[in-house]
Amino acid sequence: MNSIFDIIGPVMIGPSSSHTAGAARLGKMARCIFRSTPKKVDLTLYGSFAKTYKGHGTDRALIGGLLGYKEDDTNIRIAHDLAKKEGMEYSFIESPLDVGHPNVVRFDMYDDHNRYMTVIGRSLGGGQIMITEVDGNDMSITGDEFTLVVFHEDRPGAISLISQALSESDINIATMRVFRKGKHKDAVMVITTDSVVNPITVQFMRECPGIQDVMTFEAL
């Protein structure tokens, strides 16, 4: 069964659920992954995003999301002015490359201390999104559920360590996917849970052998 939101789309600042609402959610998720508003960001647009981003307000939506605004916030309409007030520098790059999906954006983000991170995502339609890559690591984050992302070494016991920590915190795993660059190389666990993972458990995970970093996300 489809919900009414699947048919008419999400509550949003228009005009397009794919190019505006989805773009705002992509920007907000990139900001969450970066853990702050970037001081500088280069946004590379692919496919339909690159061709129509000005007319559909995709540029304002992406910037608004990076500033922390949801897709239904009227501040998206003045996102360019708000970014200027906050001192956030940005540039849009129109790429001619075919990356296999019509609505793709790459965020290259920097903070005041020149910390750098790249996030790639796509707008799936109806306001739905998917983050497909973070710093060269393949993954799948939709922002629709409580999500735990664990960057780790590909080694025996890493998965059981994390699942045990969640079990002991009475956190139920809904789904789990593991992405790795190669045998015994960097890997990423993307876990959706039925409830938020508490900060104490997250910190415990970060201190476990072979764990490089842990991120948590609530539903957007």
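Biologist: Which residue with a positive phi follows α4?

Modeller: This is a predicted model, in which local features need pLDDT of at least 70, side-chain atom pairs count only at pLDDT 80 or more, and totals for chains, interfaces and linings use all residues. Residues are numbered from 1 along each chain as its sequence is written, and side-chain values use heavy atoms, with hydrogens and water left out. Helices (H or I, at least four residues) and strands (E, at least two) are DSSP runs numbered from the N terminus. The residue after α4 has a phi near 100 degrees, and it is glycine 68.

Biologist: How many of the nine residues of helix α4 are buried?

Modeller: Buried means under 20% relative accessible area, exposed over 50%, and partly exposed in between (1.4 Å probe, protein chains only). The buried residues of α4 include Thr58, Asp59 and Leu66. Helix α4 (residues 58–66) is largely enclosed by the rest of the structure, because the number of its residues that are buried is eight.

Biologist: Which strands does α4 touch where it packs on the sheet of six strands?

Modeller: That open sheet has mixed pairing and the order β2-β1-β3-β4-β5-β6; two strands pair if DSSP finds at least two bridges between them. Strand β1 (residues 40–47) runs parallel to β2, joined by six bridges. The direction of α4 makes about 140 degrees with that of β1 (axes are lines fitted to C-alpha atoms, for helices over the stretch in contact, and angles run from 0 to 180 degrees between N-to-C directions). With contact meaning heavy atoms within 4.5 Å, the strands touched are β1, β2 and β3 (103–110).

Biologist: Which residue in β2 is the bridge partner of leucine 43?

Modeller: Strand β2 (89–94) stands at an edge with a single partner strand, so one side of β2 is left without a neighbour in the sheet. The bridge partner of leucine 43 in β2 is phenylalanine 92.

Biologist: Which strands stand at the edges of the sheet of four strands?

Modeller: The order of this open sheet is β8-β9-β7-β10, with antiparallel pairing. Each edge strand has a single partner strand, so one side of each lacks a neighbour in the sheet; the two are β8 (173–180) and β10 (211–217).

Biologist: Which helix lies across β7 and β10?

Modeller: Strands β7 (residues 146–153) and β10 pair in the antiparallel sense over six bridges. The helix runs at about 160 degrees to β10, and it is α7 (residues 199–206).

Biologist: Is cysteine 208 buried or exposed?

Modeller: The relative accessible area of cysteine 208 is 8%. Cysteine 32, at 32% relative accessibility, counts as partly exposed, whereas cysteine 208 is buried.
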